[in-house]
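Student: I am new to this structure. Please show me how to read its features, one at a time.

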Amino acid sequence: MNHPLIIGGGLVGLAAAWQLLRSGRAPSLTLLEKEARVGAHQSTHNSGVLHAGLYYKPGSLKARLAVEGVREMTAYCREKNIPHEICGKVVVAVDESEVPRLRELEARGKANGLTGLRWLDRDGLCAIEPHAAGVAALHVPEEGIVDYAAVCGALRNDIEAMGGRIVTGAKVTELHEAGEGWTAATSAGEFTGDFLINCAGLHSDRVCKLAGLDPEDRIVPFRGEYYKLRPEAAHLVCHLIYPVPDPKFPFLGVHFTRLIGGGIEAGPNAVLAFAREAYRKTQWNARDLAEALSFPGLWKFLARHPRMAWDEGLRSLSKKLFCLSLQRLVPDLREEDLAPGGAGVRAQAISPGGELVQDFRLVPGPRALHVVNAPSPAATASLAIGREVIARLP
Ligand SMILES: Cc1cc2nc3c(=O)[nH]c(=O)nc-3n(C[C@H](O)[C@H](O)[C@H](O)COP(=O)(O)OP(=O)(O)OC[C@H]3O[C@@H](n4cnc5c(N)ncnc54)[C@H](O)[C@@H]3O)c2cc1C
């Protein structure tokens, strides 16, 4: 491979480019990003957490790449002086009924190779998070918080310093394979390469189709909405407080996150969005909506989980309900402590059978590799995903 074309300048595309150049696997490359800057979507609209691989099924790609990824990302942040802090988190069982699932998480974490996991009783939890409610908790010391926008910037600088070309404002609209490789038609002109790497996040299924491959799974956008804790309530949370998640869903449940730049965020929920880049409730896009509604997998998912879809929709509209979910973790929180926060949109692949695709998924195509599902913790794991991309090259 002499000169691959990478589509998508989020953390996954940047990490793939960085690993390709650093390892010498590609002497040069072009990365095409449709927005004016790198990292404009999921990679900078997230919780800013360094996840350590607690939740994922042992043996899955996610489990392996999350554990490798958090260590590699932390080392990169140290090397580049990127603001980050390994502050640890607690996952809290709010009542006895949640204890068995928390024990399962502990077992998963150990199976996945996490170190320093500690089971806490009520007093142990109070010592770390005095305002958290719960009968037991799991302390995960390897997790932390980071400035992912700074990670994107550092990767961009490194890629360019190693001879990679990053073209922003270049939306790929057509792909043609002929002769020695690919030609991409974009809003900034034509670009060529001898191999294609699709890291298009919320549009990864569409880029697959442009390259002549039907990915079967479709990306369905799930918006995650946040509130911010007003400064007078910030003392209620010291580090990261998470609930025990529902194993049926890849979403972790609304939680509290201390931000690396200061302040505390609460959220995100997981509500179906009416457009792939709908950061506000009122945003919609006719093409995105038509494609989602004509996909049988979405209807099968909704038929299987009507309660989840309904509850998330209601909670999105009601600050009171959002606050009630948060009060399970921190009972002293009051509705007036919450100020509107930002939002992000998750690119979540759903299978034609209506299953949420839980694992990372990389699909080979002719002269191409498509990263078709890279949901959380793909920001944490991005450098490890980049290495996995190289391992999967022909
Ligand atoms: C609300 C929320 C909270 C999250 N919290 C965390 C967390 O705390 N920790 C964690 O590890 N992960 C978290 N995640 C997940 C993480 O942010 C994503 O998994 C990760 O950022 C995915 O990176 P990406 O590069 O695949 O996607 P993106 O960052 O979305 O990048 C894809 C890029 O492709 C570009 N693109 C798309 N189509 C085209 C085209 N046709 N031509 C050119 N460019 C194109 C887009 O503009 C975009 O910049 C969270 C996600 C969300 C939404």
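Tutor: Begin with the elements: helices (H or I, at least four residues) and strands (E, at least two) are DSSP runs, numbered from the N terminus.

Student: What should I know about the model itself?

Tutor: This is a predicted model, with residues numbered from 1 along each chain as its sequence is written. Local features need pLDDT of at least 70, side-chain atom pairs count only at pLDDT 80 or more, totals for chains, interfaces and linings use all residues, and side-chain values use heavy atoms, with hydrogens and water left out.

Student: Which backbone atoms lie by the ligand's oxygen atoms?

Tutor: Look for polar contacts. Such a contact is a pair of N or O atoms within 3.5 Å; within protein, one must be able to donate a hydrogen and the other to accept it, and residues adjacent in sequence count only if both atoms are side-chain atoms. A backbone N or O atom of Ala374 is 2.8 Å from a ligand oxygen. For Leu11, a backbone N or O atom is 3.3 Å from an oxygen of the ligand. Lys34 has a polar backbone atom 3.1 Å from a ligand nitrogen.

Student: How much of the ligand's accessible area does the protein cover?

Tutor: Accessible areas come from the Shrake-Rupley method with a 1.4 Å probe; for residues, only the protein chains shown count as cover. On its own the ligand has 1,000 Å² of accessible area, and the protein covers 97% of that.

Student: Where do salt bridges come in?

Tutor: A salt bridge is a side-chain nitrogen of Lys or Arg within 4 Å of a carboxyl oxygen of Asp or Glu. The whole structure has 30 of them. In one, Glu68 pairs with Arg387, with the closest N and O atoms 3.6 Å apart. Glu68 is in helix α2 (residues 61–80) and Arg387 in helix α11 (residues 382–391), so this pair ties together parts 319 residues apart in sequence.

Student: Are Glu312 and Arg315 buried or exposed?

Tutor: Glu312 is buried at 13%, and Arg315 is buried at 14%. Their side chains meet in a salt bridge, 2.8 Å from N to O. Both lie in helix α9, three residues apart, about one turn of the helix. Elsewhere, salt bridges that share partners join Arg64, Glu68, Glu72, Arg387, Glu388 and Arg392 into one network.

Student: Which residues form the nonpolar patch on the surface?

Tutor: Patches are made of residues with over 30% relative accessible area and no salt bridge: like charges are joined within 9 Å, nonpolar side chains (Val, Leu, Ile, Met, Phe, Trp, Tyr) within 5 Å. Here Trp310, Leu314, Leu321 and Leu324 form a nonpolar one, with about 390 Å² of accessible area together. Helices α9 (306–317) and α10 (319–327) each give it two or more residues. Leu314 is partly exposed, because its relative accessible area is 34%.

Student: Which peptide bonds are cis?

Tutor: Check omega. The bond from Gly267 to Pro268 is cis, with omega near -5 degrees. Pro268 is in the loop between β17 (264–267) and β18 (271–272). The bond from Ser376 to Pro377 is also cis, with omega near 10 degrees.

Student: What is the phi of Asn81?

Tutor: Asn81 has a positive phi of about 60 degrees, although it is not a glycine. Asn81 lies in the loop between α2 and β4 and is exposed, at 69% relative accessible area.

Notes
Buried means under 20% relative accessible area, exposed over 50%, partly exposed in between (1.4 Å probe, protein chains only).
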